[in-house]
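The following note sets out comments on the model, point by point.

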Amino acid sequence: MTGIFTGSFDPFTIGHDDIVRRALPLFDRIVIGIGVNERKKYMFTSDERMEQISRIFADEPKIEVKTYNDLTIDFARREKASFIIKGVRSIKDFEYEREQADINRQLGGIETLLLYSDPRYSAVSSSLVRELIHFGRDVSEFLPKKIMI
């Protein structure tokens, strides 16, 4: 059974890493899908994000890292995914992910598996990390060890 874990991952944080590792026992294969929206400005290129995430999971044969630039439901179909995996840190995340899950189920019949964030990581977000980087702060405690910025 395949699950996809999708996001912009700009950058991939310790919270993302935790969700993937907790989902790993549930699936035969997890595809980490890096969403690319040409209208959005990113701090890291899609190639940089793909390389960073691939380095983190280089020793895990059940994990693949790919980019996509269309709807998540279309990416899920191409990957023959049974579930979309999402992490939830707050009620705000929950409401957003619930709406997305409803649409993805309606459009493609695919279910979404929500995993709640470990409380240690609930304040960690890619946007927070980008803000800290912008102001020259050390963000190493918020990133998996194999990511170097």
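1. How much of the accessible surface of the protein belongs to carbon and sulfur atoms? The share is 52%, out of an accessible surface of about 8,500 Å². The model under review is a predicted one, and every value in this note is to be read accordingly.

2. On secondary structure, the protein contains 5 strands and 5 helices. Along the sequence they follow the order β-α-β-α-β-α-β-α-β-α. The radius of gyration is 15 Å, close to the 15 Å given by the globule rule for 149 residues, so the protein is as compact as a globular protein of that length. Taken along the principal axes, the box filled by the C-alpha atoms is roughly 45 × 35 × 30 Å.

3. Among contacts with a separation of 6 or more, 77% are accounted for by residues 24 or more positions apart.

4. On charge, there are 24 negative and 23 positive side chains. The centres of these two sets lie 1 Å apart.

5. On aromatic residues, the structure holds 5 aromatic pairs. One of them joins Tyr68 and Phe75, with 4.4 Å from centre to centre and 10° between the planes. The pair counts as stacked because its planes are under 30 degrees apart. Both partners are buried: Tyr68 has a relative accessibility of 8%, and Phe75 has a relative accessible area of 1%. Elsewhere, ring pairs link Phe5, Phe9, Phe12 and Phe57 into a cluster.

6. The last point concerns Ala81, which lies in the loop between helix H3 (72–78) and strand E4 (83–88).

Conventions:
Residues are numbered from 1 along each chain as its sequence is written. This is a predicted model: local features need pLDDT of at least 70, side-chain atom pairs count only at pLDDT 80 or more; totals for chains, interfaces and linings use all residues. Side-chain values use heavy atoms; hydrogens and water are left out. Helices (H or I, at least four residues) and strands (E, at least two) are DSSP runs, numbered from the N terminus. The radius of gyration is taken over C-alpha atoms; the globule rule is 2.2 Å times the number of residues to the power 0.38. Contact means heavy atoms within 4.5 Å. Accessible areas come from the Shrake-Rupley method with a 1.4 Å probe; for residues, only the protein chains shown count as cover. Lys and Arg count as positive and Asp and Glu as negative; His and the chain ends are not counted. The place of a charge is taken as NZ of Lys, CZ of Arg, CG of Asp or CD of Glu. Rings of Phe, Tyr and Trp (its six-membered ring) pair if their centres lie within 6.5 Å; planes under 30 degrees apart count as stacked, over 60 as edge-to-face and the rest as tilted. Buried means under 20% relative accessible area, exposed over 50%, partly exposed in between (1.4 Å probe, protein chains only).
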